[in-house]
Amino acid sequence: MPLAYLFDLDGTLYQNDAALPGAVDLIRKLNTQGVPCRFLTNTTSRPRSVIVARLKSYGFPVVEHEVFTALLAGAELARSLGCRTLLPLVKSEALEDLAGFELVDGTSVGQGRPPDHADAVLVGDLSDGWSFDLLQQAFTALLN
């Protein structure tokens, strides 16, 4: 028997606004058998709490520490490298997963550390939020 299972989320356990047939029963069966399950996603547009709430709304027996996102992986890497300030190029909804960092952006100039003094730039999905000014801020931060 496997030591654990890693499951991708969108398109594997759920699609659109519903769990895929049999997915919830499978996770429940594995939990009953004591087989650890972890849930992975490459999304950077939503915090873990929102993803967990979505999974629970579909009936999945999941707890927060079992869900891993690309944004959390980026934050952990930055933390392991000693970064304290980040220029997060992600949607504002996802910022809660960057707790413990000083977050800087273009609006923080004059109110603290300017974006060109960030220890790291964390790039995610901004959808239509990209601009030349934002790219220039990220480039300047990387150069410094």
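Q: Leaving aside neighbours within four places in sequence, which residues is Phe39 in contact with?
A: In this predicted model, Phe39 is in contact with Phe7, Leu9, Leu13, Ile27, Val62, Glu66, Val67 and Phe68, once its neighbours within four places in sequence are set aside.

Q: Which residues of the largest nonpolar core touch the most other members?
A: They are Leu13, Phe39, Leu55 and Phe60, in a core of 18 residues.

Q: What does a second, separate core include?
A: That core has eleven residues, and Leu71, Ala75, Cys83 and Leu98 are among them.

Q: Back to helix 1: which of its residues are buried?
A: Helix 1 covers residues 23-32, and its buried residues are Ala23, Val24, Ile27 and Leu30.

Q: Why do they line one face of the helix?
A: Viewed down the axis of helix 1, the buried residues fall within an arc of 130 degrees, so they line one face. As a general point, an α-helix has 3.6 residues a turn, so residues three or four places apart point the same way.

Q: What do those buried residues pack against?
A: The buried residues of helix 1 pack against strand 1 (5-8), strand 3 (18-19) and strand 4 (37-41).

Q: Which exposed residues does the face turned away from the buried side carry?
A: That face of helix 1 carries Asp25, Lys29 and Thr32.

Q: What follows helix 1?
A: Gly34 follows helix 1, and the phi of Gly34 is positive, near 80 degrees.

Q: Changing topic, how many helices and strands are in the protein chain?
A: The chain has four helices and eight strands. Along the sequence, their pattern reads β-β-β-α-β-α-β-α-β-β-β-α.

Q: What share of the residues is buried?
A: Buried residues make up 38% of the 144 residues in the chain. The accessible surface of the chain comes to about 8400 Å², and 55% of that belongs to carbon and sulfur atoms.

Q: Which residues make the nonpolar surface patch?
A: Val123, Trp130, Phe132 and Leu135 make a nonpolar patch of about 460 Å².

Q: Where is Leu135 found, and is Leu135 buried or partly exposed?
A: Leu135 is found in helix 4, residues 132-143. With a relative accessible area of 45%, Leu135 is partly exposed.

Q: What about contacts between residues at least 6 apart in sequence: how many join residues at least 24 apart?
A: Among such contacts in the protein chain, 64% join residues at least 24 apart.

Conventions
Residues are numbered from 1 along each chain as its sequence is written. This is a predicted model: local features need pLDDT of at least 70, side-chain atom pairs count only at pLDDT 80 or more; totals for chains, interfaces and linings use all residues. Side-chain values use heavy atoms; hydrogens and water are left out. Patches are made of residues with over 30% relative accessible area and no salt bridge: like charges are joined within 9 Å, nonpolar side chains (Val, Leu, Ile, Met, Phe, Trp, Tyr) within 5 Å. Accessible areas come from the Shrake-Rupley method with a 1.4 Å probe; for residues, only the protein chains shown count as cover. A salt bridge is a side-chain nitrogen of Lys or Arg within 4 Å of a carboxyl oxygen of Asp or Glu. Helices (H or I, at least four residues) and strands (E, at least two) are DSSP runs, numbered from the N terminus. Buried means under 20% relative accessible area, exposed over 50%, partly exposed in between (1.4 Å probe, protein chains only). The arc is that of the directions from the helix axis to the C-beta atoms. Contact means heavy atoms within 4.5 Å. A nonpolar core is a set of buried Ala, Val, Leu, Ile, Met, Phe, Trp, Tyr and Cys residues joined through side-chain atoms within 4.5 Å.
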